[in-house]
Amino acid sequence: MAPTNFDFVEWWNKEQLRGGTPVVVKMANPNYTMLEIESPRAGGFGGGGKDKGKNAKQLTWVLLLKAHRAAGCLAWMALGLWTVLAAIKKRLILRQGLAPPPSTAAKPHKGGSRLFKAITGFLVFAIFMLCVEVAAHLMGWHFPGPYWAPAFQVQNLAHSIYLGWLYLRAEYIAPPLQLLINFCICLFLIQSADRIILCIGCMWIKWKNIKPIPVNPSLESDDIEQPDKGYPMVLVQIPMCNEREVYEQSISAVCQLDWPRHRMLVQVLDDSDDVDTQFLIKAEVTKWNQKGINIIYRHRTNRTGYKAGNLKSAMSCEYVKDYEFVTIFDADFQPKADFLKRTVPHFRDNPELGLVQARWSFVNKDENLLTRLQNINLSFHFEVEQQVNGVFINFFGFNGTAGVWRIKALEECGGWLERTTVEDMDIAVRAHLCGWKFIFVNDVRCLCELPESYEAYRKQQHRWHSGPMQLFRLCLPDIIKSEVSVGKKANMIFLFFLLRKLILPFYSFTLFCIILPVTMFVPEAMLPVWVVCYIPALMSFLNVLPAPRSFPFLIPYLLFENTMSVTKFNAMISGLFQLSSAHEWVVTKKTGRASEGELLSSVQETKPSVNLNRGVSDSGVELLKQKQEHNSLPPPILAPAPTIPKKKANRLYRKELSLAFLLLTAAARSLLSAKGVHFYFLLFQGISFLVVGLDLIGEQVS
């Protein structure tokens, strides 16, 4: 039986749609002594004992419905717990449905291995101390405070050792631990204040209805003979690598952009090393070329520099000098037809503008719990962070796709560089230091996909959090030496890099995953309840505001963000100290979900049936035949017999599992100290780590 994906939206919808006889409860007298319950169907006045009997029955039914709802909630929680226990038995004990262990070439990197060893050391310490504390509790060794007891009060050697541990803990371990706690709390408060200020800025934008408006929105030319002369020359680039699932829909969406065909050129930049995928993409390009679209196919023989190298190679073409703007779409992005008409006009009569960034929207945000939680995070990123920074500072990090650049801005800041895995952030920082301004258009949205499996999301987050630390090391001297104002330098160093890219993953992991469980075994060091509960709940509430439909997922979002902190912390350390994992580039897995645009186009034109070579037009087949004949190979089989798909398997994540057992051990220790809030937080956070460590969230593949 496949494990549950812990997505309770169906249960929530059932609760919302659950019907019944409406009941109106009234309290006429403030100093009430009796509760009257009236049914809307009751007619007339009076009714005597008959109405009272009905009211009593209705009250009984209300109580029964409440009890039924509570029982359903408990049953759902019990089912989730049973699923977790079954997964522990199946994957940890019986080792069923798991991917084979990594080969020698794919062993964990030193940074991740050291972190895992450190977490394992904390876990061993926690289990040992839990046994000691339970034994001391059973023997009644309770003392008002740490002190050296008189000799006649020492019962035996074990008692003496325990007394020594209490004194050592209070005098030498608790003070430095408390200093570390206070330091992390300060960072936590600074980051929370930054989050609140961003939300206030977003509310101000909404209240004042502030949005970027083009100085001259019209692109029409006054020349009757050349009405399209007002449309600037635009280069559209689609970098991709082995994107077999999404290449067709992305090329199709870009080729249907509403822009004069002779004023636009589409570059399909293919880094695929799979020969079949290369032929399919090239055939799709040929199909649209025959329809009159200016589109070319470029393929590199090696992936030097990954995406940055691909874009750099494309910009070196001789014909690029004829174009004024360049638009970039990743392989899973599907822009609407009016994308260019709603973004390019912002550049007109605005010579200081270098970038116009559009917002992302997601075709699979309701696919599973993982995609719902990602939608919360990215909705806050675009709605609050990008919009506020764009309005008040004219600077934000380029998202790498769904943006329009002025080619002059790219050339002036040095073009694409291959020195980090976040080439988009790199070029945005350098362009800002050169004086170029950015605009974020929140009302222009571009469809794309979210990673549906935890493995794909984890690799994506590792790249997104290790790259900024690499970039910070490289750009810090340039930022200090640049000619921009002191305020812009301070914003870029302290807010953009340190606070949001370094401090956030540091305190999130250190405070909630290490310090909190350790304080359960060193109770002399105190972590206040408001740090554990109230402020994190407020921050999560603010994060969910831009996606109001996601309020049922408030608590899972809070727990999942803390769970992801171990991956983000490991990536941050990897990038800061230039470990080998910081230079990895893994293409995020796509599924090719149907978008709105694809569904509409399928109605307008009849598409060929999908087979192994999806998207190969007649011209593409002929091209493929010519290639095969040239190589003296037999003709290709276009509709081969279906093959048995390779069976996928789930993975176990060691760091997450170790932290899960550490937090659950600390939760058990908190029961001896009667710390209720700490216990519940540690319990549910430990279960969250356990669910992620067993690969039970996101796409279920076993």
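At what angle do helix H9 (residues 369–392) and H12 pack, and how far apart are their axes? The points below take up this question and others about the structure, which is a predicted model.

1. Helices H9 and H12 pack at an angle of about 25°, and their axes lie 11 Å apart. Because angles under 35 degrees count as roughly parallel, H9 is roughly parallel to H12. The crossing of this pair is left-handed. From H9, the contact involves Leu-370, Gln-374, Asn-377 and Leu-378, while H12 contributes Tyr-454, Tyr-457 and Trp-464. Sorted by class, the residues of this contact comprise 5 nonpolar, 2 polar and no charged.

2. Helix H12 (residues 454–481) also packs with helix H13 (residues 486–521), here at an angle of about 165° and with the axes 11 Å apart. Angles over 145 degrees count as roughly antiparallel, and H12 and H13 are therefore described as roughly antiparallel to each other. Their crossing is left-handed. On the H12 side the contact is made by Pro-468, Met-469, Leu-471, Phe-472, Leu-476, Ile-479 and Ile-480; on the H13 side it is made by Lys-489, Met-492, Ile-493, Phe-497, Leu-498, Lys-501 and Leu-502. The contact of H12 with H13 has 12 nonpolar and 2 charged residues, with no polar ones.

3. For the protein chain as a whole, 19 helices and 9 strands are found. Of its 702 residues, 49% are buried. Among contacts between residues at least 6 apart in sequence, 81% join residues at least 24 apart.

4. Just after H18, Ala-674 adopts a positive phi of about 55°.

5. Most residues other than glycine have a negative phi. Asn-209, however, has a positive phi near 55°; this residue is in the loop between helix H4 (157–208) and strand E3 (234–240). Asn-209 counts as exposed because its relative accessibility is 56%, and the cut-off for exposed is over 50%.

6. Gln-578 likewise is not a glycine and has a positive phi of about 55°. Its place is the loop between helix H15 (554–576) and helix H16 (596–604). With a relative accessible area of 33%, Gln-578 is partly exposed.

Terms used:
Residues are numbered from 1 along each chain as its sequence is written. This is a predicted model: local features need pLDDT of at least 70, side-chain atom pairs count only at pLDDT 80 or more; totals for chains, interfaces and linings use all residues. Side-chain values use heavy atoms; hydrogens and water are left out. Axes are lines fitted to C-alpha atoms, for helices over the stretch in contact, and angles run from 0 to 180 degrees between N-to-C directions. Helices (H or I, at least four residues) and strands (E, at least two) are DSSP runs, numbered from the N terminus. Angles under 35 degrees count as roughly parallel, over 145 as roughly antiparallel, 65 to 115 as roughly perpendicular and the rest as oblique. A crossing is left-handed if the near helix is turned anticlockwise from the far one by less than a right angle, and right-handed if clockwise. Contact means heavy atoms within 4.5 Å. Ala, Val, Leu, Ile, Met, Phe, Trp, Tyr, Cys and Pro count as nonpolar, Asp, Glu, Lys and Arg as charged, and the others, Gly among them, as polar. Buried means under 20% relative accessible area, exposed over 50%, partly exposed in between (1.4 Å probe, protein chains only).
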